[in-house]
Amino acid sequence: MPTATTTTEVDDIDYSDIEKRYQISYDQGFDNVLVVDGMPIIDKSKLDRLLAKVSKEFSRKSVQIKIEDILMPWDDASGKSKGFAFIEFRSEEDANLALNAMNNHPFDAKHTFKVNRFTDIEHFAQVDETYVEPTVETYQTKEHLRAWLADPQGRDQYVTYRDQDVEILWHGKPSQCEPAHKPDWRDFLYVAWSPLGTYISTLHRQGVRLWGGPSWKLQQRYAHPLVKLIDFSPCENYLVTWSNEPIAVPEGALQGPQYFSPDDEGNNLAVWDIKSGDLLRTFPTDFGVLDGGGPRKQMQWPALKWSPDDKFVARMTAGQMISVHELPSMYLQGKKSLKIEGVVDFEWCPHGDADVDAAQNGQENGAPTKAQPKRARENMITYWTPEVANQPARVTLLAFPSRTILRQKNLFNVTECKLFWQNQGDFLCVKVDRHTKTKKSIFTNLEIFRVREKDYPVEVVELKDTVTDFSWEPKGERFAIVSSNDPNLGNPGPGITIKTDVSFYQLDRAKNDFKLLRTLAMRTSNTIRWAPRGRHVVLGTLGSHTKSELEFWDLDFLQEDTGKREPGQGQEWGSGIQLLGTADHYGVTDVEWDPSGRYLATSASAWTHTLENGYAIWDFRGQELEKHILDRFKQFLWRPRPRSLLTKDQQKKVRRNLKEFGRAFEEEDAADENQSSAEVIARRKRLVDEWNAWRTSIRLAMFEDTGKKEADHGDTEKEEIEVWVDEVIEQTEEVVVE
Amino acid sequence: MRPILLQGHERSLTQIKFNKEGDLLFSCSKDHIINVWFSHNGERLGTYDGHNGTVWTVDVDAKSELLVSGSADNQLRLWSVATGKCLFVWEFPTAVKRVAFGEDDTKIVCITEQRMGHQCAIRVFDINREEPTRQSKEPLHMFNIIGSKATVCAFTYTPNVILTGHESGKVSLFDVRSGEEIENNERAHSDVVTDLQLCKDQTYFITSSKDKSARILDIRNLMPIKTYTTETPLNSAAIAPNRPYVLLGGGQDAMSVTTTSLRQGKFETRFWHRVFEEEVGRVKGHFGPINTIAVHPAGTCYASGGEDGFIRVHHFDESYLRAKPYGDLEIMD
């Protein structure tokens, strides 16, 4: 019988491998056993009472346990307990729960429980006492994170994010534009550069990743699940992350300096040390409740504001206080916050190049001596408070950490204030939206603080219109504003393009006040973008369906770029303003200058709309250099550059000998141009030759085959047609009477 | 270059054609009417009335005597160009999508639509030029297209061989006697072939497609010689004689036109350099997609017909004919 044979065979099969695989592993560990230290030492008579008390205490605080589960060792000699007990739990989870709840639990006045895992104690008891020399790991040279600055052609990089693909490209002269790297980063929200360009970050579900170096390797990770926003500190030492989901630390989550601990649960903001990846501190998001539970304002981002030297980070509790934390400890500076009734907004004063130099000198020479000509400026905070009852609105300039008030200015009929620092920290402009008595119309005053001068003089520029955008010229003494008196302002609708005026102001050195340079009336521009080195400015119309104009202006058209500006000398005030060019990028959503100020990038992002997404790169005159229309295009970002490493003297030297330095580049350019135009011509010639050869061959082949003459299809003779037109102008009939 | 606007149709244009001399322009439209115009001034010479459905296609013979038209009323009609009289009517089970004269105007080819259980068919008729009102009802040759249906067709220089473009993007050569596929290029395009126009000596042809590109193909082996890739679906492509350009027209689908702005629709006629495959210019004007483009046989003017119901006739400026933007390169036509 076949069946019989099979059964016998079955018996012979070796099951050992399968048995091995499916073997039930019995829980033999002691993971569910805890050792509770710090128990009262008792004699046998009190045992039952103690055990009942202990089990009650445990049950109340954490996990139900039975008296039978407690094992208390006895010192038989003295007849007393040894002062500790073993408790066996049903599972490891229960044991963990009890460990967290009962460790350091005050049992009574004299006794505090110290709870440990049985396995831990076993482990520590078995530690080898002999010293073992730790092996020194061989030093691995890391890639230089700023290697891109050493590009021999001095090009800049940018990153594009389209659909699911990120690409990093070089941008320079047309012949030098090429892809730099195409990473295979997947599944993230968006990319962001760090402020000095050292790292690029991607926001994933699990947290933030930083990449960098010539091979774009992973540099660090920060586990903040569902992170939505990130912000770097100005010197790239710290990172702030935010998620709308409160932090939750699940059971058994990884613990350590780089991870959230249960204390962080419920918070939204986290501060990290970039280099070590350690979590420094977490905060809850403060949405700020205005006057008696008014409507919740949108969260301000960045929620934490960094001092320009990375020494402090400030957090505002709207209407109450500003809390300044010291880095890297993240403790509250001076152990108290700045209590400011009604504070709405604040800003740190940025450090200028001079300040940074001074700070660096101070560091190099050890402690700052008194002989030093320039001392690093103390950090400054400005904040403003609105009008409350009889108190006027107030803008305050405060030195920090000395907490001395440097200047205060009272303001009246204030609707809203915005603080704008010039990037060198020379000037502060407070854009004050004021309302008339009836509160029906709003106009704007610009209160300009000259911060470098004694007593911080304030000048007021009064305007009749509402200012919608304000922008300082970087490193300059000029600013531009967009103002509007359009009745549609404030109620945007489809098809409405708001008419605006753009005005430029400049500091008049003679009178020491800000004077209007020029107003460009009747524009649609709503965005000002100064080139990073000043002088050039682009006015753009963003977010409009019908208009998407870009205007490229030069404010020193008549002056040679010597690096020094002598405003208005020997020239008519405002005569140097010149329109260099206009351009149009349909549906533009973002406008950004490259760090050198030579090129401008505009992009239409699919996050805003889906019409003609893509990006374009222009030179400072408004000539289009590149344009790519790409479906599902999302992001374009220039890689920022750190401060120049050249000293002031070196920079001056370069400026003075610009012609000499420039010669080499000019030659290179000329050679390049010759080569590229020769290439184009050669390519065209080749194409034409190929085409003509193909045409000749096909004609020969076809017309020989059929034997017909090509002339049949040649031009027919032209036929001249002459048309005579008779036109009767007038006709009269006369009756002839005979 | 000031265009002449021909406002003679109430609905979108389907095809326009110049006659051999280029003095007449024939146009057909979804409003059931065929019009004929003087190309030099845009005056309407007359109409050919009779169809009772969208007129999908027209063609005129070399002598400008006979006109043939195909319509959605399932009819193929032969007209006298001079008198406007209908000479003969053929009836089919489905709509006629494309017609073309060929072989010294002694034959016509037509494509009938695949619908209502009928397969897409190609028929070739003999034309009795002596007595145009007495034509044979039965086609000389007929065969069905297997696979993807044909959308456009034309006679080639070789007798009894026709060229077809298909819905799948395929381009094929058929022997009409046997219905056999002589040659094909399955991957000429990746979407519907919307237009097919031969060059003057019929050695190559241009195709346009919804896949946003147009191509010049070699008529012998159907291999692509040049490709012109745009960012919009194309409805028509034409070759400009005597100048090294091709003209492409299209725009967003008529369906989604109302939801987009004029700019977005990309309703311009694009001029591309035939050899360098670079775009050289655009002509704006239509406010709907361009459905059909035709160039004067002498290359002195072109016309475009749009979904907006207008025909725009552009006579090229003198400078267009004289300019040599790429230097002294002798480019054969």
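**WD repeats in chain B**

I began with the annotation on chain B. The UniProt record, an unreviewed entry, marks "repeat: WD" over residues 6-47, 48-89, 186-227 and 283-313 of chain B. I noted that the model I am reading is predicted.

I then looked up two of these stretches. Residues 6-47 of chain B are 52% strand and 0% helix, and their end C-alpha atoms are 13 Å apart. Residues 48-89 of chain B are 55% strand and 0% helix, and here the end C-alpha atoms are 13 Å apart.

**Chain B as a whole**

I looked up the secondary structure of chain B and found 28 strands and two helices. The radius of gyration of chain B is 19 Å, close to the 20 Å from the globule rule for 333 residues, so chain B is as compact as a globular protein of that length. Along the principal axes, the C-alpha atoms of chain B fill a box of roughly 55 × 40 × 40 Å.

I checked burial next: 59% of the 333 residues of chain B count as buried. Of the contacts in chain B with a separation of 6 or more, 45% are between residues 24 or more positions apart.

I also looked up the charges. Chain B carries 43 negative and 37 positive side chains, and the centres of the two sets are 3 Å apart.

**G22(B)**

Where does G22(B) sit in chain B? I find G22(B) in the loop between strand 2 (13-18) and strand 3 (24-29). Its relative accessibility is 1%, and G22(B) therefore counts as buried, the cut-off being under 20%.

I looked for partners beyond four places in sequence and found G22(B) in contact with S39(B), H296(B) and P297(B). I also checked G299(B): this residue is 277 residues from G22(B) in sequence, yet the two C-alpha atoms are 9.1 Å apart in space.

**L222(B)**

I noted a positive phi of about 60° at L222(B), which is not a glycine. Most residues other than glycine have a negative phi. L222(B) is in the loop between strand 20 (213-218) and strand 21 (224-229) of chain B. Is L222(B) buried or exposed? At 0% relative accessibility, L222(B) counts as buried.

**Chain A as a whole**

I turned to chain A, which has 42 strands and eight helices. Of its 738 residues, 40% count as buried. Chain A exposes about 44300 Å², and carbon and sulfur atoms supply 50% of that area. For contacts in chain A between residues at least 6 apart in sequence, 50% join residues at least 24 apart.

**The loop between strands 28 and 29 of chain A**

I looked up two residues here. E453(A) is in the loop between strand 28 (442-450) and strand 29 (458-462) of chain A, and is partly exposed at a relative accessible area of 28%. E453(A) and S471(A) are 18 residues apart in sequence, with their C-alpha atoms 21 Å apart in space.

Y456(A) is also in the loop between strand 28 and strand 29. Y456(A) counts as buried, at 18% relative accessibility. Its phi is near 50°, a positive value in a residue other than glycine.

**Cis peptide bonds in chain A**

Most peptide bonds are trans. I found a cis bond from L327(A) to P328(A), with omega near 0°. P328(A) is in the loop between strand 20 (321-326) and strand 21 (338-339) of chain A.

I found another cis bond from F400(A) to P401(A), with omega near 10°. P401(A) is in the loop between strand 24 (393-400) and strand 25 (405-411) of chain A.

Methods: Residues are numbered from 1 along each chain as its sequence is written. Chains are lettered from A and ligands numbered from 1 in the order in which they are written. This is a predicted model: local features need pLDDT of at least 70, side-chain atom pairs count only at pLDDT 80 or more; totals for chains, interfaces and linings use all residues. Side-chain values use heavy atoms; hydrogens and water are left out. Helices (H or I, at least four residues) and strands (E, at least two) are DSSP runs, numbered from the N terminus. The radius of gyration is taken over C-alpha atoms; the globule rule is 2.2 Å times the number of residues to the power 0.38. Buried means under 20% relative accessible area, exposed over 50%, partly exposed in between (1.4 Å probe, protein chains only). Contact means heavy atoms within 4.5 Å. Lys and Arg count as positive and Asp and Glu as negative; His and the chain ends are not counted. The place of a charge is taken as NZ of Lys, CZ of Arg, CG of Asp or CD of Glu. UniProt positions are given in the numbering used here, feature names are shortened, and annotations may be inferred rather than shown by experiment. Accessible areas come from the Shrake-Rupley method with a 1.4 Å probe; for residues, only the protein chains shown count as cover.
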